[in-house]
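Subject: Structure handover

Hello,

Here is the structure for your files. My notes on it come after the model.

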Amino acid sequence: MTTPPPTEPTTEPSPDHAEAGPDGSVPLRTDGILDRLATLRAADAPTHGGRVLSYVYDPGLAELDELAAAAARAVQPVNGLDPTTFTSVAVMERELVAFARDMLRGTADGPDAVVGSVTSGGTESCLLAVKIARDAFREDHPGLRPRVVAPVSVHAAFRKAAQYLDVAITLVPVDPATGTPAADALLAELDGGDVALVVVSAPSYPHGVVDPVAEVAAAAAARGVPVHVDACVGGWVLPFWEGAGGEPVPAFDFSVPGVTSVSADVHKYGYAPKGTSVLLVRGRDRQRRQFFATTGWPGYPVVNPTTSGSRSAAPLAAAWAVSQALGVPGYTALTARCVRATRALHAAVDRIDGLRVVGHPTGPLVAVACDESVPPARQVDPHLWADAVRSLGWVLQPQPGLTQDDGTRLPHTTHLTVTPVTEAGLDGLVPALVAGADAVRGEARPDVSAVLGALAGAFARPAGAQAAGPSADAVWEALLAALGADGGTERRATGSVLPDRLAPLMAVMEVLPAPVAERALVEIVARVAEAPA
């Protein structure tokens with residue numbers, strides 16, 4: 001979550017459209033529409049230049065942007081629903097999947113042939129991986145509810161998949177110092193006979209570390225439990241990391257026996273526009289379980305490999321074009337820029353008194369925490385630091401702390417996603433990181449007691465009341481009161497939802513009970529896009 005400048009709500013009604021002409025012509029009003037869009041975009045966080053160290057993956061190559069846009073425009077009318085009608089979709093998909101299969105060292109032939117699909121993003125890839133595992137498990141264990149086992153650091157998409165697909169999920173604690181799960185702790189959960197899937201990350205998003213894939217996969221295979229590797233963020237950069245001058249990467253792909261599926265997002269370090277991920281699966285029979293097919297209605301036969309039916313071919317075409325343009329040499333060269341920038345940022349954080357890099361990340365993700373080994377007067381809170389750095393024009397991503405089921409505490413951190421363009425911006429970024437730390441060194445985290453009181457009142461229920469939660473309006477009023485004692489009225493007037501600083505909000509999210517925090521976040525994000533009254 002970031003806080004880009006709010007856009008002022010428009011109070012100017014759109015001009016009335018002209019009536020249809022006597023000849024039946026369609027009235028159109030195109031003047032000013034793209035100008036308005038340009039104005040709206042000007043208020044967004046910048047997507048190029050490396051100023052935002054999360055969400056966007058900028059290779060720093062304008063010609064790639066132009067190529068992707070042209071490829072998307074070329075297939076703008078195409079419906080990806082039916083590759084037998086629009087055969088270009090089939091060709092682009094199989095070539096992109098083949099590139100990913102080779103990159104992730106899957107075999108093309110035999111019973112272990114690696115096959116796959118292009119999805120709309122990492123969340124859909126993860127959801128489909130869980131669906132495959134769930135359906136396979138149900139066939140062998142009718143009546144038994146399947147369970148997914150994963151580290152607590154696994155992407156939230158797997159919690160979403162468990163909720164959507166009615167699958168239980170067990171989240172195993174990770175080492176607070178390194179962010180890495182113990183293989184033994186994951187494997188200890190496999191003895192109940194109800195585990196449909198084990199998930200490990202390469203790397204995990206919160207801490208940038210590669211989980212013990214080979215060790216988990218070998219032991220899980222011996223128990224007959226499939227293993228999914230979530231390489232959504234690392235799948236298009238870790239294969240090139242060592243060859244680009246980085247440190248050795250632990251084996252995580254289809255070269256590892258026991259790995260049954262891998263997800264890898266092309267719209268991250270594949271440098272494609274948003275809307276493309278690849279899900280690869282070992283074995284055609286297993287992969288076919290992700291499909292939906294029906295002839296049980298009077299319309300056309302429906303066959304979908306993903307959750308969507310009709311879908312734009314534009315993201316696929318853009319991703320295909322970018323991968324064709326870069327190839328292995330291009331990806332290696334871009335990864336080398338990531339390697340150099342990541343090393344520079346590690347060194348920069350190491351020199352900042354009061355901060356530390358969490359663990360020993362592999363790849364271009366960095367999590368920064370407070371260095372509690374120094375006296376409090378020298379410590380730097382990572383969320384206050386992120387707010388201070390943002391005021392200098394660089395957007396970092398705060399991550400709340402978490403108390404794990406074993407009682408250990410994962411520290412709150414600030415996340416940096418390093419992309420190729422980061423290297424060119426180091427001369428501005430590193431001084432901003434230093435200046436931001438200097439500005440807040442020794443400053444305590446925000447006191448959120450007043451916020452807690454306001455939200456507690458919204459969620460309180462009289463004795464004997466039904467279990468239904470508070471209304472959307474009640475939660476919103478509590479949030480305005482809690483976050484807006486110094487600006488609630490202004491936020492009401494401008495339509496802005498988030499406060500200027502995220503450190504207080506993150507502090508609140510950490511101490512609220514999870515259901516309360518999640519309900520409050522739902523209200524915030526829902527109000528961002530809600531039509532004005």
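Predicted model: local features only at pLDDT ≥ 70, side-chain atom pairs only at ≥ 80, totals over all residues.

Residues are numbered from 1 along each chain as its sequence is written, and side-chain values use heavy atoms, with hydrogens and water left out.

Helix α5 spans residues 157-165, and its buried residues are A157, F158, A161, A162 and L165. Buried means under 20% relative accessible area, exposed over 50%, and partly exposed in between (1.4 Å probe, protein chains only). Viewed down the α5 axis, the buried residues fall within an arc of 145°, so they line one face of the helix; the arc is that of the directions from the helix axis to the C-beta atoms. Q163 and Y164 are exposed, on the face of α5 turned away from its buried side. Helices (H or I, at least four residues) and strands (E, at least two) are DSSP runs, numbered from the N terminus. After α5 comes D166, with a positive phi near 55°.

L40 belongs to helix α1 (residues 33-42). L40 counts as partly exposed because its relative accessibility is 32%.

The structure has zero disulfides, a disulfide being a pair of cysteine sulfur atoms within 2.5 Å. C232 is in none, and the nearest cysteine sulfur, that of C126, lies 4.0 Å away. C232 is buried, at 7% relative accessible area. C370 also counts as buried, at 12% relative accessibility.

Regards
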